[in-house]
Amino acid sequence: MLPAVEAGTVPCCPPLDAGALSEEDATTMAAMFKALGDPVRLRLFSRVASHPQGEACVCDISDVGVSQPTVSHHLKKLRDVGLLASERRGTWVYYRVEPGVLAAMAGMLAGER
């Protein structure tokens with residue numbers, strides 16, 4: 001089970017070359033990278049992140065070679081670890097990358113301060 005990240009919380013982990021990560025930072029970032037370790041989840045996350053409007057309807061991103069219930073399961077996992085936010089509009093759900101997530105992950109790996 002991956003630890004849940006509170007919605008709207010931006011991970012604020014220091015770069016790896018800045019010193020040892022705290023247990024909390026390591027747990028948060030490990031959950032995010034673990035969620036992205038699944039090829040279907042990585043493809044879904046990529047489709048949301050690269051969508052021209054900054055958010056994507058599930059109807060536009062669900063063609064990843066698995067069933068709709070499986071897509072929903074994977075999107076829930078991405079939401080649970082704080083990578084995606086979602087909003088229901090009528091019968092469709094729209095997804096967007098949580099603000100700051102990409103920069104925080106890249107900064108941690110790249111050693112940017």
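Author: E87 has Y94 in strand 3 as its bridge partner. This is a predicted model, where local features need pLDDT of at least 70, side-chain atom pairs count only at pLDDT 80 or more, and totals for chains, interfaces and linings use all residues. Numbering starts from 1 along each chain as its sequence is written, and side-chain values use heavy atoms, leaving out hydrogens and water.

Reader: Why are strand 2 and strand 3 said to pair?
Author: Pairing requires that DSSP finds at least two bridges between two strands. Strand 2 (residues 84–89) and strand 3 (residues 92–97) have 6 bridges, in the antiparallel sense. They form a hairpin with 2 residues between them, and G90 in the turn has a positive phi of about 70°.

Reader: Which residues of helix 1 and helix 5 meet?
Author: M29, M32, F33 and L36 in helix 1 meet A104, M105, M108 and L109 in helix 5. By class, this contact has 8 nonpolar residues, with no polar and no charged ones.

Reader: How do you know what L78 touches?
Author: Contact means heavy atoms within 4.5 Å. Not counting residues up to four places away in sequence, L78 touches A35, L36, R41, L44, F45, L83 and L84.

Note on methods
Helices (H or I, at least four residues) and strands (E, at least two) are DSSP runs, numbered from the N terminus. Ala, Val, Leu, Ile, Met, Phe, Trp, Tyr, Cys and Pro count as nonpolar, Asp, Glu, Lys and Arg as charged, and the others, Gly among them, as polar.
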